[in-house]
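Hi there,

Here is the structure I promised to pass on to you. Have a look at it first, and then read my notes below.

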Amino acid sequence: MTILSRSSVMGVRGLQGFVASTCPHVCTVVNLKELAERHRSKHPSCMPTIVVDAMCCLRYWYTPESWVCGGQWREYFSALREFVKTFAAVGIKLIFFFDGMVEQDKRDVWVKRRLKNNREIAKIFNYIKSHRKQPGRNMFFIPSGLAIFTRFALKTLGQETLCSLQEADYEVASYGLQNNCLGILGEDTDYLIYDTCPYFSISELCLDTLDTIMLCRQKLCESLDLELADLPLLACLLGNDIVPDGVFESFRYKCLSSYTSVKENFDKKGNTISAVAHHIAKVLRLHQGEKKLEEMLPLGPNKALFYKGVTSYLLPGQTSPWIFQKLKGIATLHKQVVPMSSDPESKQEIPVCADPESKQEIPVCTDPDSNQESPMCIDPVSNQEVPVCTDPEIKPEDPMNLEPEIKQQVTMVSETEILKIARMRHVQGESYLVYNILTSGEIECSNTLEDALDQALPSQAFVYRPMRQRVYSLLLGRGQDGASGCPTVREWFVYSGNPLRHPDLVRPLPMNIPGGTPSLNLLWLNQELGTQALRMDTLLACFDLLSSREELQAVEMPFQALCCLLTYLFVQVDTLCLEDLHAFIAQALCLQGKSAVQLEALQLDCVDPRAVQLGALLVRGLTMVVLANSVCGCPLRVGDFMPWNVFDGKLFHEKYLQSEKGCAAEVLVEQNRSRLTTFHSLKSVVCKACLREDRHIVSRQQWRPHHSGRWERQGPGSHRTSSGYSRAGQGQHWRNQGPGKRAPGPPPPTTVLCGSCLLPTQVRCLQVNKQEAGSTSLSGGKDTRPPLGSSSVFLTAVHMQTGLGSGRLEARRDG
């Protein structure tokens, strides 16, 4: 038996390997169909329900052979449909949970994973460049936007899809417990710690037979001589996503040394868990109830973090025998620091939710003799009408009664009705990032397949930043006193050269809409005639394309959103050429007539690293359309910009290779006259819209023959002096783009800074680090750029400003 899990980076450190090697009897083969039949016989009026941790399942669900080209979305949609149909056929209902936000306490863990992913992505591009083909499945990296679009795919398939308001595994475990679910389907060792319904492994699931592995926490406790209530303590002493691995490293070593002294032939590898469990059972339990836990453990300055880690495993209605004694107070919805120690000499307070920006509502246990009630984190969707059995003694609160919480919550906006709607849409998985921006002013975006060594194409983080800034203006406003009053949004976006020590602080950009920027109340609540047109105008204004409204709105479905996105993309990125546009349009047209089976059979002659980046760039753009559309009141039909309707990675790659070879439009559209007519129509719309923005899309053949469309590096410290780049901000090394600033912290050694991005209508010169090889200050003096034979495009050293920091950096073609 092999359990492929995320345990190396998720859940309790080392627990998955320990179970597999030391106590495999914890894992039992079960058949979900048989379990469902037993459940149905006990509860004939209720449908057996499995709550699914969707984030754990993405790798399992993505079965298409091709993954590096941007995603085989139609194949993926087909695989999801089969997954859902299989469970429906045996009468099992599925409830899917997705991560809705990254909690502050787990930001460090999130950052470590992103940096690790960067190294994996670098290996992928090295392989592609060396072999001109996709790496094996051992280097598999999920396509960009997979989690976001999976939510919409499942909703399209009629599934109940929920997005968490805190850590998703807590909400999954809570839902499973409160609704008497058949089990949890996922791959996270934290589900062995929660005292909830049974835990099934997604990686071991055989869809044909519905056989899988059930990991039994009761058997784990028997193996370790522990009680169920001891497991949260064990998890925190071993290290998890809240308590870092190194906090109790010396303690674990002492446990191991003491344990080995009475064990002959003891194998140290993988048995630290046994030693720590032995210490809990034989040492700590001797004084349980007599001494405070901090007197028995070397908590030191980590006491608050440790207690928060333990309580994070307690579901509604549950208590811990390790931390209940003599509690003075409870955590409130205000997330205030509350004292948890009764020692008069102890001056340290234990914050259950120490970070005021944290949205987690951690349950805290009170003294059983106390009459004070403990506010527990309730299931955010328990009031949904779901045909499942619920314990009559469990009476979960109504989470959609948001009035009390919203009034006490510190948010970026004050409108209660708007927050209620945003939260509802967030929980139901109908929006993307909106609620996070409104409540915390902080968002994140994971890794994208971008080649850090090929700097012709800027990171998607910069390309779509101006668009996001206009969305921020819609959501947060621009303040009353101009630039200084603009609220900033903290962006945790992954791009090359970003160590993710601090978020980028990004200010809104003004919206260019006749009559002024509409309110969210108008966009979301108004049903009068003409409001839908206003919503569409606002959406176009987010992409700064209102001047091309008539042409873009005349585009036939489902290509309207795609044309808006392509126009924005080509305006922002000067290194995109006519051949790229041809490939994007041709693949969208040809996709309409192809089935998932036909797309699966498609074979590529080779894999081009630039096309890989372009595919990921477009898919990230589609996620930005999701954001803008939800903020503007959904003027576009969601299905029209879902990738399975407008993009296929492998098909795009084929069209890209054909276009690069100079194939005619007739070849690109596969000799279909109807497609050819639409091809020229869509191309005309995009090109004309770009011309209005002074962007001429030309063929690569019109560039100088030696131009490669790449940024070239002259050494470890060289800077970019040639080739085109993004108008939104130059790729990876441009840091203070437009109104976006780095949070406090030193800039990296290789940095190109714009002068004062916050001053409107100012022309500033680009200052380049003179210590770099062949560098020069572009604000004056002799141009000492190295003679790169592969370039014909250079920076004009002009920062184009429109209003409050448009963030556009212009590149001019030489000659």
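A definition to begin with: buried means under 20% relative accessible area, exposed over 50%, and partly exposed in between, with a 1.4 Å probe and protein chains only. Please note that this is a predicted model, in which local features need pLDDT of at least 70, side-chain atom pairs count only at pLDDT 80 or more, and totals for chains, interfaces and linings use all residues. Residues are numbered from 1 along each chain as its sequence is written, and side-chain values use heavy atoms, leaving out hydrogens and water.

Helices (H or I, at least four residues) and strands (E, at least two) are DSSP runs numbered from the N terminus. Helix α11 covers residues 272–282, and because eight of its eleven residues are buried, the rest of the structure largely encloses it. The buried ones are I273, S274, A275, V276, A277, H279, I280 and A281. Their cover includes α1 (15–21), α8 (217–224), α9 (231–238) and α10 (249–260), with contact meaning heavy atoms within 4.5 Å.

Now to the sheet. Seven strands make up an open sheet of mixed pairing, in the order β1-β7-β6-β5-β2-β3-β4; two strands pair if DSSP finds at least two bridges between them. At the edges sit β1 (27–31) and β4 (160–163), each pairing on one side only. Within the sheet, β2 (residues 49–53) runs parallel to β5 (residues 183–186) over three bridges, and I50 has G183 in β5 as its bridge partner.

Enjoy exploring!

Best wishes
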